[in-house]
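These notebook entries record what I looked up in the structure shown below.

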Amino acid sequence: MRIMGLDFGSKTVGVAISDALKLTAQGIEIIRRQSPGKLRQTLARIEALIHEYEVEEIVLGYPRNMNYSEGERCERTREFQEMLHRRTGLPVVLWDERLTTVEAERTMMEGRIRRENRKEYVDKLAAVFILQGYLDSLSRKQL
């Protein structure tokens with residue numbers, strides 16, 4: 001069984017999946033939608049990936065502000081969390097995603113990915129960082 005990591009945005013959802021041992025995260029895809037409110041197809045695609053990769057838990061990036069306050073994006077993320085849980089029946093853990101997009105951008109710059117091409121990868125890479133942070137926390141708990 002694996003864990004899925006999601007970076008939920010207004011028009012995209014970056015998706016990452018753990019390996020079977022739950023040690024590493026790999027980016028899978030970016031789910032794009034035409035309208036921020038249209039989540040039916042997004043949820044259907046996530047559900048298909050859950051079955052394909054035998055996912056037992058979902059980690060959803062939680063976009064707190066740098067001062068730990070919560071804004072409108074946090075409210076939307078909690079609503080999405082509830083939708084995911086109702087649709088899949090799986091536990092959906094909120095995970096602090098502050099600076100994951102910055103880290104993803106820096107990683108792509110170091111990898112010499114051209115600025116105009118970075119949008120193609122940033123959400124998927126942010127999902128990897130969200131999931132990897134969660135996986136690392138699980139391994140620390142086991143020590």
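I took helices (H or I, at least four residues) and strands (E, at least two) as DSSP runs, numbered from the N terminus. Read along the sequence, I find the pattern β-β-β-α-β-α-β-α-α in the protein chain, that is, four helices and five strands.

I note that this is a predicted model, in which local features need pLDDT of at least 70, side-chain atom pairs count only at pLDDT 80 or more, and totals for chains, interfaces and linings use all residues. Residues are numbered from 1 along each chain as its sequence is written, and side-chain values use heavy atoms, with hydrogens and water left out.

Entry on burial. I looked up the buried share (under 20% relative accessible area, 1.4 Å probe, protein chains only): 40% of the 143 residues of the protein chain.

Entry on contacts. With contact meaning heavy atoms within 4.5 Å, I looked at pairs at least 6 apart in sequence in the protein chain; 61% of these contacts join residues at least 24 apart.

Entry on Ser137. I located Ser137 in helix H4 (residues 122-142). Why does Ser137 count as buried? Ser137 counts as buried because its relative accessible area is 9%. I also find that the side chain of Ser137 reaches the backbone oxygen of Tyr134 at 2.7 Å.

Entry on the lining. I looked up which element gives the most to the lining of the largest pocket: helix H2 (residues 72-88), with six residues.

Notes:
Buried means under 20% relative accessible area, exposed over 50%, partly exposed in between (1.4 Å probe, protein chains only). A polar contact is a pair of N or O atoms within 3.5 Å; within protein, one must be able to donate a hydrogen and the other to accept it, and residues adjacent in sequence count only if both atoms are side-chain atoms.
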